[in-house]
Amino acid sequence: MPTKEEAEEWKKQLVDNAEQQILNLTDSEKFKSYLDTVAKFHRYSQRNIDLIYSQNPSASQVAGFKKWQNDFKRSVNKGEKGIRIAAPIIKKLTPDDQKRLDTTEEKAIVGYRYIPVFDISQTSGEPVLSAKDFVKENLADHQNVTSLYNAFKDYLNQQTDLKVSEVPLATLNGAKGYFQPSTNEIVIGGDEPDNALKLKTLYHEYAHSQLHGLKSAFKDRPRAYQETQAEAVAYVAMQNIGVDTSNYSLGYVATWAKDKAVIHSALSEIQQVSNKVIELSDGLTKQLGLQEAPKEPEHDLKKLSAQDLNKSYQGLQQQVQQATNPQQKSELQNKLNDVHHEISNRTQKQLKAFSEQHPAIKQPEHNAAKTLKR
């Protein structure tokens, strides 16, 4: 059992290692890798994002040992080392505590402990499907990307104080769009043929509006700093919906690493706006039906291999269990029944073929009936 001093030293080393990894974000590829972690774990605190990135940059979905077993029917592989993240220690406050802390809250966070979680790659068991899997597949359709772009543009025009308009690309002097702080207006090249690029540009300019507008505390950042931040938010947003981000240029961020406070501040700002964009995009993709599994024609089931059919069955079972909308649950159950029917038909055909090939072991029906009457 480690002493209190040893435990504190271990915690300090864990945090120091995470901080050193953040200070090493001195080129575009390392920066991209960090932003990949932000996209995957946007609901986590920046501290935990940094901890996950420093211990396993390729982690994609983490949970505790029991949660993998109970919620996902998966087991942590033998010998796997956990990823440590910070979990709050919550204490019930006494009247004296409330007076000392000048609060009426009944509970408060009094510290943090470091608990182990495991990435999905460290586990085995039933497949885990995410809504992002469906979004990624649905957004391969050109029309769906257009729908998401239009929905996001309409939301900004109708629900915020921003104004989004489109002009011909020829009037933008080589740019794809811009944000005008003095009028709080975003302008996009409307005749851009690549709709994924239009969506990315809208995310980029929206990030500028949130980080570098007239009322922003960060409006005086150097131009290169602002562009890298805005492009980072756009990168995270596109990663979140599964659109290819391999050709992104995120600038050179080595200057940030010269000042520990500056790089932490820059990353915190990126994370805050990225979280906002991700929440908006998730809401819009749900409204547009892009988080639903693509509907397959019934005859396609006959083309699936036995292994793929089994995977489809397991995946649909999980979706039925997780669905909360009655209509969606009914639709998923119907699809599950179709897959079950196909599996049953194949099994019957295989049994029939087997009995025809081995007539000697087939029991006559009348014998079976006599046996039942005994």
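These legends describe close-up views of salt bridges and nonpolar cores in a predicted model. Residues are numbered from 1 along each chain as its sequence is written. In this predicted model, local features need pLDDT of at least 70 and side-chain atom pairs count only at pLDDT 80 or more, while totals for chains, interfaces and linings use all residues; side-chain values use heavy atoms, with hydrogens and water left out.

**View 1. A salt bridge links Lys 260 and Glu 19.** A salt bridge is a side-chain nitrogen of Lys or Arg within 4 Å of a carboxyl oxygen of Asp or Glu. Here the closest N and O atoms are 3.2 Å apart. Lys 260 belongs to helix 10 (residues 260–287) and Glu 19 to helix 1 (residues 4–23), so the pair ties together parts 241 residues apart in sequence. Helices are DSSP runs (H or I, at least four residues), numbered from the N terminus. Lys 260 is partly exposed, at 45% relative accessible area. Glu 19 is partly exposed too, at 25%. Buried means under 20% relative accessible area, exposed over 50%, and partly exposed in between (1.4 Å probe, protein chains only). A search of the whole structure finds 15 salt bridges.

View 2. Glu 342 is buried, with 9% relative accessibility.

**View 3. Arg 100 meets Asp 97 in a salt bridge.** The N to O distance is 3.0 Å. Both residues lie in helix 5 (residues 95–101), three residues apart, which puts about one helical turn between them. Arg 100 is exposed, at 58% relative accessibility. Asp 97, by contrast, is buried, at 9%.

**View 4. Tyr 203 sits in the largest nonpolar core.** A nonpolar core is a set of buried Ala, Val, Leu, Ile, Met, Phe, Trp, Tyr and Cys residues joined through side-chain atoms within 4.5 Å. This core has 58 residues. Phe 31, Tyr 34, Leu 35, Tyr 203 and Ile 241 touch the most other members. Leaving out residues up to four places away in sequence, Tyr 203 touches Leu 148, Phe 152, Ala 234, Ala 237, Met 238, Ile 241, Val 277 and Ser 281. Contact means heavy atoms within 4.5 Å.

**View 5. A second core stands separate.** This core has eight residues, including Leu 309, Leu 316, Leu 332 and Val 339. In soluble globular proteins, nonpolar side chains tend to be buried together.

Definitions and conventions: Helix = DSSP H or I, 4+ residues; strand = E, 2+ residues; numbered from the N terminus.
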